[in-house]
Amino acid sequence: RVRRGMGPWVGMAGALVALGVGAAVARSWMGPKQLPVRENPDGAPILVPQPLPDARPLRVTFGVPAEVVAAKIPPAPDENGVVPMTLYWKVHGDVPRSVGIFVHVIGPDGTRKSGDHELIAGTYFFKDAPRDVLLRDDFGANVSDGKPGTWDVYLGLWHAGGDGSRVPAFGPDGQRGQDDRVLIGRFIVPETDSTAAESDTR
């Protein structure tokens, strides 16, 4: 039996204890707060400790505090004629919001395909990207109607959201790339039965 004059205080104390226990149970059930998962459109993680072993070390720098430390370009397109590519970026400081990535894929006959994209891994503008960590950027170029032969892949940055001008680009040798783009790899589009037959009839 509760003594006279203490009823309200005892009741309040009991309620506070109940709330505390309830909050503790809720925290244990929900677990620790999780950071949002950042992934490429293909499901690969964006923040990675190091490039994949089959990526080629490649230091390409720019007139803004960003660089590509490695790139992966397959030797040939996949069965759908798509060339899946991976760039490993590091952003060291403030980059204008207008900056985006251009990728020119040039065929043996001069045909140009594009792998342009403004967002790293479809997620970060350069301005908003985490600093001084490795960012995996997966994308692709469709060459399903491309001519057989060797195709060159050039990389650069440009003010996609601005005046369209290009950012100075420098190759691994420190030399500024012609047209402010740097050759980062090559692949071969193989001949198919139809393209071989077309060549024989010429």
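Which residue in β9 is the bridge partner of Thr61? It's Phe170, and the views below start from the whole chain and work their way back to that pairing. Keep in mind that this is a predicted model.

View 1. Walk along the sequence and the pattern reads α-β-β-β-β-β-β-β-β-β-β-α. The protein chain has 202 residues, and 38% of them count as buried. As for contacts between residues at least 6 apart in sequence, 69% join residues at least 24 apart.

**View 2. The hairpin of β1 and β2.** Strand β1 covers residues 56–62 and strand β2 covers residues 66–72. Three residues sit between the two strands of this hairpin. The pairing is antiparallel and runs over four bridges. To find your way around, pick out Pro57, whose bridge partner in β2 is Ala70. If you're following side chains along a strand, remember that in a regular strand they alternate between the two faces of the sheet.

**View 3. β1 meets β9.** Strand β9 is made up of residues 169–170, and it pairs with β1 in the antiparallel sense over two bridges. This is where the opening pair turns up: Thr61 has Phe170 as its bridge partner in β9. Phe62, in turn, is partnered with Ala169 of β9.

**View 4. An open sheet of five strands.** Now put those pairings in their wider setting. The strand order is β6-β3-β2-β1-β9, and the pairing is antiparallel. At the edges stand β6 (135–142) and β9, each with a single partner strand, so one side of each has no neighbour in the sheet.

View 5. Follow the chain on from β9 towards β10 (182–189) and you'll find Asp180 in the loop between them. Leaving aside residues up to four places away in sequence, Asp180 touches Phe102, Leu155, Gly156, Arg166, Val167, Pro168 and Ala169. The backbone deserves a look too: Asp180 has a positive phi of about 55°, although it is not a glycine.

**View 6. Asp132, another positive phi.** Most residues other than glycine have a negative phi. Asp132 is not a glycine, yet its phi is positive, at about 55°. Look for Asp132 in the loop between β5 (112–114) and β6.

**View 7. The largest pocket, with about 190 Å³ of space.** Its lining is made up of 14 residues, and the closest to the pocket centre are Val143, Ser144, Val189, Pro190 and Thr192. Sorted by class, the lining of the largest pocket has five nonpolar, six polar and three charged residues.

Definitions and conventions. Residues numbered from 1 in each chain as written. Predicted model: local features only at pLDDT ≥ 70, side-chain atom pairs only at ≥ 80, totals over all residues. Heavy atoms only, no water. 1 Å grid on protein atoms, 1.4 Å probe; cavity = no way out; pocket = protein on both sides within 12 Å on 5 of 7 lines; lining within 4 Å. Points joined across faces, edges and corners; volume = space filled by probe spheres on them. Nonpolar A, V, L, I, M, F, W, Y, C, P; charged D, E, K, R; others polar. Pairing = 2+ DSSP bridges. Contact = heavy atoms within 4.5 Å. Buried < 20%, exposed > 50% of the residue type's maximum accessible area, 1.4 Å probe, protein only.
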